[in-house]
Amino acid sequence: MSTLMVDYIISLDGYGAAEGWPGFWGMEGPEYLDWLGEDGQQEVIHLMGATTYRLMAEFAGQNDDPGSVALNTARKVVFSSTLTEPLSWPNSELVRGDAIAAVREMKDVESAELHTLGSLSLSRSLIAAGLVDRFRVVVFPVITGKTGKERIFDGYPDLSLELVQSRTFDGQLQLLEYIPTVLDGPPGAGA
């Protein structure tokens with residue numbers, strides 16, 4: 001049996017990217033990159049949609065940092081109705097069917113931990129379906145209100161989050177890991 005973690009890197013104001021900014025907002029330090037490499041040593045199956053696949057396949061393929069190397073060798077499952085096989089990024093497999101049903105089955109049969117990689121729509125649907133066991137964000141100390149794109153939490157159901165781990169990288173990046181609970185509404189609202 002496997003567990004599922006939704007995994008994001010975000011700006012302080014909740015964006016996943018910003019126009020004109022480099023990857024990791026140009027703030028990835030050696031401690032964070034080493035952690036990415038260590039985290040990549042765990043047996044993980046990365047789940048993603050087509051947009052994230054296209055972006056990450058190009059990004060990771062051009063870099064030799066420990067995180068990219070680990071990602072290149074890891075198993076990746078891509079949910080898409082627009083991509084075609086064979087996928088160019090090594091160790092990637094395409095799933096065309098219902099992502100919720102496929103992930104539910106993967107949680108039952110896989111022993112490796114499942115992690116989303118970006119993939120806002122996929123992550124949102126997995127959380128709404130109650131399939132997510134952990135929710136992890138690394139917060140970068142930037143506000144990208146003018147140039148930010150891809151607001152992470154728009155369209156999410158209400159969640160309560162129980163903090164289970166936190167860490168600071170390179171004196172500035174914050175890792176926060178939670179157990180999420182989908183709420184029917186604000187606490188105390190209605191019976």
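User: What should I know about the model before we start?
Analyst: The model is predicted, so local features need pLDDT of at least 70 and side-chain atom pairs count only at pLDDT 80 or more, while totals for chains, interfaces and linings use all residues. Residues are numbered from 1 along each chain as its sequence is written, and side-chain values use heavy atoms, with hydrogens and water left out.

User: How many aromatic pairs are there in the whole structure?
Analyst: The search finds 13 aromatic pairs, where rings of Phe, Tyr and Trp (its six-membered ring) pair if their centres lie within 6.5 Å, and planes under 30 degrees apart count as stacked, over 60 as edge-to-face and the rest as tilted. One of them is Phe24 with Phe140, stacked at 6.1 Å centre to centre with 20 degrees between the planes.

User: Where in the chain do Phe24 and Phe140 sit?
Analyst: Phe24 is in the loop between β2 (15-18) and α1 (30-39), whereas Phe140 is in strand β7 (residues 134-140), 116 residues apart; helices (H or I, at least four residues) and strands (E, at least two) are DSSP runs, numbered from the N terminus.

User: Phe140, buried or exposed?
Analyst: Phe140 is buried, with a relative accessible area of 0%, given that buried means under 20%, exposed over 50% and partly exposed in between (1.4 Å probe, protein chains only). Phe24 also counts as buried, at 16% relative accessibility.

User: Which residues form the aromatic cluster?
Analyst: Phe24, Trp25, Tyr32, Trp35, Phe140 and Phe169 form one aromatic cluster.
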